[in-house]
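Have the model open as you read. We will go from the overall layout down to single side chains.

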Amino acid sequence: MLQLNFIRENKDEVITRLAVKNFDAKELVGKIITIDGDRRKIQGELDALNSEANTLAKQVGDLFKSGKQAEANELKNKSAALKESSKKLEATLASTEEELNKILVLLPNLPSIKVPKGKTPADNEMMFSEGEVPKLYAGAQPHWELTTQYDIIDFELGVKLTGAGFPVYKGKGAKLQRALINFFLDNATAAGFTEIESPILVNEASGFGTGQLPDKEGQMYHVTGDNLYLIPTAEVPITNIYRDTIIKSEDLPVKNCGYTPCFRREAGSYGKDVRGLNRLHQFDKVEIVQIAHPDKSYEVLEEMRNYVAGLLKKLELPYRILKLCGGDMSFASALTYDFETYSAAQQKWLEVSSVSNFENFQSNRSKIRFREANGKPQLAHTLNGSALALPRIVATLLENNQTETGIKIPKALVPYTGFEMIT
RNA sequence: GGAGAGAUGGCAGAGCGGUUGAUUGCACCUGUCUUGAAAACAGGCUUGGGUAAAACCAACGGGGGUUCGAAUCCCUCUCUCUCCGCCA
């Protein structure tokens with residue numbers, strides 16, 4: 001959520017910058033400014049009225065104390081009249097504020113000035129790429145064949161237990177999952193992130209805080225009996241830890257990480273993109289989250305970007321980094337880097353991580369603030385990134401490392417798997 | 001699932017209808033003292049709206065009500081804790 005003051009004072013900038021996200025904000029911004037003007041006018045009137053009523057009430061009290069009943073009663077009537085009009089104003093104010101908030105949450109975050117214009121993923125800016133695309137032998141197969149061949153992931157069994165998109169990992173497949181999770185967590189904690197194990201069900205306030213609710217309600221699994229949501233990413237609980245808190249400035253940046261399963265309904269997905277591990281309803285992910293001083297958040301973003309790149313390098317996977325264009329960015333993000341690894345058998349790039357700076361868009365919703373020495377509280381910047389999401393890493397790992405005699409495990413992972421080959 | 005208790009500032013904890021946005025303690029900040037620190041003393045220290053700055057307004061878990069006046073009384077919702085039951 002953008003800050004009201006900022007919109008009021010930078011109306012044209014808001015409109016121009018949102019145009020980079022292909023969002024036409026002209027009408028909404030105009031409405032916001034009009035309604036906000038109304039709101040402030042009403043608030044002013046109400047304040048004046050309340051002030052008068054407060055004075056009156058005090059006088060009545062004093063009169064009663066000094067035994068002047070008659071005069072007190074007279075003032076009482078006056079006060080009752082005031083009350084009626086203040087009640088009306090209060091109701092108007094409440095509906096005005098509601099209307100304002102409804103529109104305010106419709107505005108996406110401003111893209112950073114570094115964000116390239118563009119409409120589709122084709123317009124994303126290639127930043128960096130590293131690693132060789134492997135040459136596979138003649139009989140090489142996509143991962144959904146390999147998983148069956150080596151009996152390490154059973155998609156059919158998942159359908160039996162739950163439904164499509166809930167695979168069952170078996171044997172070395174299950175061990176590989178556990179190895180990757182531990183590998184990612186160990187790396188993150190070595191890089192200074194504090195490991196968090198959080199709930200994977202969250203309440204409505206948390207969903208709102210990070211921006212999943214109200215607009216993306218349909219993407220989360222909703223437990224209606226208790227009105228809780230299964231998290232689509234650990235970003236939700238780990239960021240919401242700081243909802244409604246004022247952090248001491250010396251505690252910034254806050255660096256947390258966590259492994260959780262993630263749940264996504266992926267309504268509307270279909271076709272070959274969802275084949276195998278490419279798109280699941282439940283998957284494992286290690287997430288890194290930072291809460292940073294506004295002046296430092298872009299340095300922090302670069303730090304996180306380098307960190308994720310380091311992981312892919314250790315796993316010996318060919319990858320590239322894209323700076324997302326305005327049209328491909330998420331609603332809440334100000335700047336996003338996507339990491340993609342090359343899946344040799346599918347012959348395409350798969351997104352395995354997304355690292356974003358949300359500036360104060362999330363913190364304004366969730367009131368995550370910090371205070372500098374003797375200063376007023378101000379909004380902090382929030383950032384997060386996948387480090388990493390498992391399924392597509394597993395997919396490229398299996399495909400790229402397949403040989404005629406089995407699948408090779410990258411060196412860095414062997415201490416975690418305990419085996420060098422899947423055979 | 002049953003019974004009871006409670007929700008107040010960073011924390012602890014008063015307050016039970018009238019200058020209480022809130023006593024006090026701890027923590028924290030500033031000053032005096034000290035070579036420095038500690039101690040002691042003095043002062044400061046919730047958040048939001050509003051303003052050039054003030055004034056002013058709002059908020060004592062959320063919502064509603066009673067009253068001239070509510071943190072204080074009533075209703076309702078949510079959450080937490082204790083005991084019992086069940087149980088990884």
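The paragraphs below cover the domains, the sheet, its helices and the nonpolar cores.

This is a predicted model. Chain A is split into domain 1, residues 4-104, and domain 2, residues 121-422. Their centres, taken over C-alpha atoms, lie 44 Å apart.

Now find the sheet. It is open and has eight strands, in the order β1-β11-β12-β13-β16-β10-β9-β4. The pairing is mixed. Start from β1. Five bridges join β1 to β11 (residues 319-323), and the two strands are antiparallel. Here phenylalanine 128 sits opposite isoleucine 321 of β11.

Two helices come next. Helix α10 packs on the sheet and touches β1, β9, β10, β11, β12, β13 and β16. The direction of α10 makes about 5 degrees with that of β16 (381-389). Helix α12 (residues 390-400) also packs on the sheet, with β10, β12, β13 and β16 as its partners. The direction of α12 makes about 30 degrees with that of β12.

Turn to the side chains. In soluble globular proteins, nonpolar side chains tend to be buried together. The largest nonpolar core here holds 60 residues. Leu180, Phe184, Ile288 and Phe339 touch the most other members. Helix α10 (residues 297-314) supplies the largest share, nine residues. A separate core has 21 residues, including Leu2, Val14, Val105 and Phe361.

Finally, look around phenylalanine 339. What does it contact beyond its neighbours within four places in sequence? Among the contacts are Arg305, Val308, Ala309 and Leu312. Tyr319, Arg320 and Ile321 also touch phenylalanine 339, as do Leu350, Glu351, Val352, Ser353 and Val355.

Conventions. Residues are numbered from 1 along each chain as its sequence is written. Chains are lettered from A and ligands numbered from 1 in the order in which they are written. This is a predicted model: local features need pLDDT of at least 70, side-chain atom pairs count only at pLDDT 80 or more; totals for chains, interfaces and linings use all residues. Side-chain values use heavy atoms; hydrogens and water are left out. A nonpolar core is a set of buried Ala, Val, Leu, Ile, Met, Phe, Trp, Tyr and Cys residues joined through side-chain atoms within 4.5 Å. Buried means under 20% relative accessible area, exposed over 50%, partly exposed in between (1.4 Å probe, protein chains only). Helices (H or I, at least four residues) and strands (E, at least two) are DSSP runs, numbered from the N terminus. Contact means heavy atoms within 4.5 Å. Domain bounds come from an automatic or database domain assignment. Two strands pair if DSSP finds at least two bridges between them. Axes are lines fitted to C-alpha atoms, for helices over the stretch in contact, and angles run from 0 to 180 degrees between N-to-C directions.
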